[in-house]
Every structure is written in C-alpha cells, then in structure tokens.
Amino acid sequence: MVDAFSRQGSELYAEDVALSAIATQVGTPCYVYSRAIIESNWREYDLGFGGHPHAICYAVKANSNLEVLRLLADLGSWFDIVSGGELERVLLAGGSAGRVVFSGVAKTAEEMERAIGVGIHCFDVESVAELERLSRVAARLGKVAPVALRINPDIDAGTHPYIATGLKETKFGIAIDDAITTYRMAADTANIQITGIAAHIGSQITESGPFIDALVRMLELIGELENEGITIRHLDIGGGLGIRYRDESPPAAREFIETLVDRVRDHRADLTLYIEPGRSVVGNAGVLLTGVEYLKSNGDTHFAVVDAGLNDILRPALYNAWQNIVPLQDNPELRSCIYDVVGPVCETGDRLGSQRELAIEAGDVLAIMDAGAYGHVMSSNYNSRPRPPEVLVDGGKFHIVRRRETISDMTAAESAPPQD
Ligand code: LLP
C-alpha cells in the first residue's frame with residue numbers, strides 16, 4: 001500500500017510535491033488528491049479477489065472529478081452511479097457504459113431512458129413501482145433492461161444514523177421479507193431481465209461483521225431463488241470499507257475481500273461478486289488546504305478562523321465528523337494552543353474541528369486530512385462562496401483538474417423576467 005501524505009522535514013508532502021507549493025500557486029481553500037494513493041487503494045481491492053469473477057464498481061458519489069474517474073477507468077474500474085449526471089461524468093471520463101451499475105431510489109424516466117440507450121450493465125431496482133416504470137421505459141425503446149433487485153437485509157451497520165441504509169426503517173431497497181415475491185414478479189415483467197441481486201447496508205463501516213451478515217443473508221436468498229428457478233449471476237454487496245479518520249481500525253481491503261470471496265466460493269464458485277467502494281478508494285487520498293485568516297479569543301475560547309467553511313467541506317457540520325487538521329509546516333518557535341477551527345460561514349455550526357491543539361499563526365496553511373471522499377462533491381455556494389479548485393498530484397507534478405469557481409460561474413444560470 002502506498003503511504004498517505006507524509007512529512008518530509010518540517011513540510012507536509014503529497015507524493016513528491018510540498019503542499020505549501022500548491023497552496024502558494026493555486027491559493028486556498030483547495031482540494032489536493034494523490035493519484036498514487038487512489039490507484040493503490042483500488043488495486044488492494046482488486047488483489048483481494050484473486051481469480052474470482054468480480055467487479056469493483058467505484059461509487060462516483062464519493063468524488064466525481066473527471067480526472068479521478070478517468071484514472072479509475074484506466075485501471076479497469078466499473079462505476080456505481082446514482083444519477084443521470086453521474087452517468088454523463090463516467091462517459092465523459094472515458095468509462096464504458098457496459099461497466100455501470102445504476103443505484104438510487106428515485107430514478108426518473110429520463111434517466112432510465114438515457115441509461116438504457118447507452119447500454120449500462122444493470123439497474124439496481126429499489127421498489128415495485130420503479131420496476132414497473134423501468135419496464136414501461138424499456139418497452140417504449142424496444143429494449144430489455146438488465147436488473148438486480150436491491151434488497152434491504154435489515155442489518156445494523158453500527159455507523160452514523162444518517163449513513164446507515166440497511167435497516168428496514170430506511171427508505172432504501174426492497175424489504176427482505178418481500179424479496180422472493182418481488183423477484184417472482186420481476187421474472188414475469190416484460191422487458192426486464194434479472195441478472196443479479198444487490199444490497200448496501202451503509203457507509204463508514206469499520207468492521208467486517210455487518211458485511212458478512214449481509215453476505216450470508218444474500219447467499220441464503222440466492223439459494224431460495226435458485227429453487228424458484230430464478231438464476232442470479234452476480235451479487236453486489238454495496239459500498240466498501242470505512243476508513244481511519246481518528247482511531248478507527250478498519251480491516252485492510254485485500255484481506256476483507258479475501259474473507260468475502262471465501263464465503264461466496266463455499267456457496268457458489270461461479271457467482272460474480274461486485275463491490276461499490278467510494279470512501280476507501282479516495283478518502284485518504286485527498287486533503288483540503290485552508291489558510292488561517294485570523295486568530296481570536298472570545299473569553300476562554302480560542303478560534304483559528306480559516307478560509308474554508310461548511311460550504312467547502314460539509315462533513316464536520318453535517319455528521320459532527322472528526323477529521324484531523326494539521327499545519328503544512330511545523331513551526332517549533334510557536335506556542336501551541338487549543339483552538340476551535342472555524343470557517344467564514346455565518347453559522348455557529350461552521351466548525352471544522354473543535355478543541356484542536358495547534359502551533360500556528362495567521363497566514364499559515366492547514367490541511368484537513370482524509371477529505372478526498374464526500375468533500376468537494378458535497379460543497380456548495382452557500383454564502384455565495386465560489387467552490388474550491390481541485391488539484392491532482394502525480395509523482396513530482398501537480399495539475400489543476402478543476403479551477404476555482406468565479407463569481408460569474410455562480411451567477412451564470414440566473415436570469416431576470418422579461419421587461420414589458
Ligand atoms: N453504493 C451505494 C448504493 C451507496 O449508497 C454508497 C454510499 C456507496 C456504494 C459507497 O459507499 P462507501 O464505499 O463510500 O462507504 N456523505 C456521507 C457518506 C454517504 C454515503 C452514501 N452512500 C459521508 O460523508 O460520510
């Protein structure tokens with residue numbers, strides 16, 4: 001595995017590039033990704049499968065920058081998408097439609113039409129109503145839509161409630177108790193071809209247990225479906241592993257996959273296994289650089305006021321998520337102090353980290369670590385703040401793969417009513 005960002009002397013580096021050089025040239029706030037780390041993370045999954053038939057369907061929602069998608073497509077990755085927009089991104093990045101699985105609870109007829117038109121590999125269907133719509137759209141096009149039903153296995157993934165998706169109270173999937181009847185129905189539905197079965201129990205899961213529980217339930221179900229004469233060619237186990245933000249210790253991807261493959265092989269050696277990792281491919285491959293604007297104290301509370309806010313990185317505010325914050329350059333001359341690291345947005349919740357010990361002064365640049373997944377993709381223009389640029393490091397070089405937004409980018413889609 002390639003080492004994540006490392007310190008060389010007093011400076012934090014991404015591969016062979018000092019992050020301070022990027023901050024100087026590109027400005028802050030700014031996302032920086034390491035190509036080598038992304039590739040290594042993806043390959044670890046691939047190695048785990050050995051010779052077992054499989055597909056690693058990178059979850060585009062985690063980071064949909066075209067260059068990130070392009071480098072994954074070049075590795076041979078498949079893609080898990082949840083919108084028509086993500087489909088277009090995959091195609092623009094040179095990904096092949098035949099390697100796309102389409103998840104999501106609310107697919108529109110237009111999205112289905114486009115996805116059938118370009119020939120995606122499979123729809124992960126989440127309800128009877130969706131199945132009926134898909135059948136109508138496919139019939140109109142004179143095509144057959146390939147389908148896996150996404151089953152909600154009713155498993156507690158032990159993660160943040162906003163990102164736990166496999167409990168029966170959530171909106172996702174088809175209840176496991178209805179799985180057999182829904183498969184029977186799908187088998188009788190015109191213009192639908194059953195190819196597989198899918199599940200996704202949540203994100204930032206840092207142990208194998210819940211995945212194995214879901215796998216076991218799905219394998220049982222596959223057995224029951226076989227008895228019904230319904231053939232399942234692939235099993236999609238959903239998103240990948242969680243990552244270490246602070247003190248979590250998720251299993252290594254390679255061993256984790258080996259464990260899953262062993263279980264599958266015991267059951268059916270020809271069952272193709274799909275996985276849809278997002279966070280564990282790009283999360284530790286990215287940082288958000290942010291400049292310190294001011295240091296201030298209100299009573300006993302010390303604040304480091306930085307130039308990135310919750311519009312640039314939403315996870316801390318939305319999930320109370322902890323991400324490490326470190327200065328790009330160590331400065332032993334400075335006294336350390338406990339800061340709340342806060343952004344410019346007019347909300348008390350615009351706090352990127354609380355109670356962090358840092359030795360810093362105004363003008364320093366900080367790195368918010370592990371920001372490669374669910375970082376830029378969740379950014380917004382709130383407070384009319386242009387979204388930050390994205391930079392991809394490759395060895396000793398770096399490239400801007402998305403420029404900083406301008407005020408005119410932000411207002412371009414707005415218009416006045418006609419004057420009469
Ligand atoms: N497949 C499906 C159907 C999903 O819904 C997701 C994530 C994934 C795959 C990828 O899961 P991963 O490998 O990244 O765990 N914004 C939240 C995470 C939301 C995840 C939603 N679904 C966060 O920042 O923590």
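Predicted model: local features only at pLDDT ≥ 70, side-chain atom pairs only at ≥ 80, totals over all residues.

Colleague: How many aromatic pairs does a search of the whole structure find?

Modeller: The search finds 5 aromatic pairs. Rings of Phe, Tyr and Trp (its six-membered ring) pair if their centres lie within 6.5 Å; planes under 30 degrees apart count as stacked, over 60 as edge-to-face and the rest as tilted. Tyr58 and Phe79 are edge-to-face, because their planes stand at 85°, with the centres 6.5 Å apart.

Colleague: Are Tyr58 and Phe79 buried or exposed?

Modeller: Both Tyr58 and Phe79 are buried (under 20% relative accessible area, where exposed is over 50% and partly exposed is in between; 1.4 Å probe, protein chains only).

Colleague: And what about Phe102 and Phe123?

Modeller: Their ring centres are 5.9 Å apart and the planes lie at 25°, so the pair is stacked. Phe102 and Phe123 are each buried.

Colleague: Changing topic, which way do the residues of strand 19 point?

Modeller: In strand 19 (residues 365–368), Val365 and Ala367 point one way, Leu366 and Ile368 the other, and all are buried. Strands (E, at least two residues), like helices (H or I, at least four), are DSSP runs numbered from the N terminus.

Colleague: What stands opposite Leu366?

Modeller: Pro327 does, and Leu366 is also the bridge partner of Thr290.

Conventions. Residues numbered from 1 in each chain as written. Heavy atoms only, no water. Pairing = 2+ DSSP bridges.
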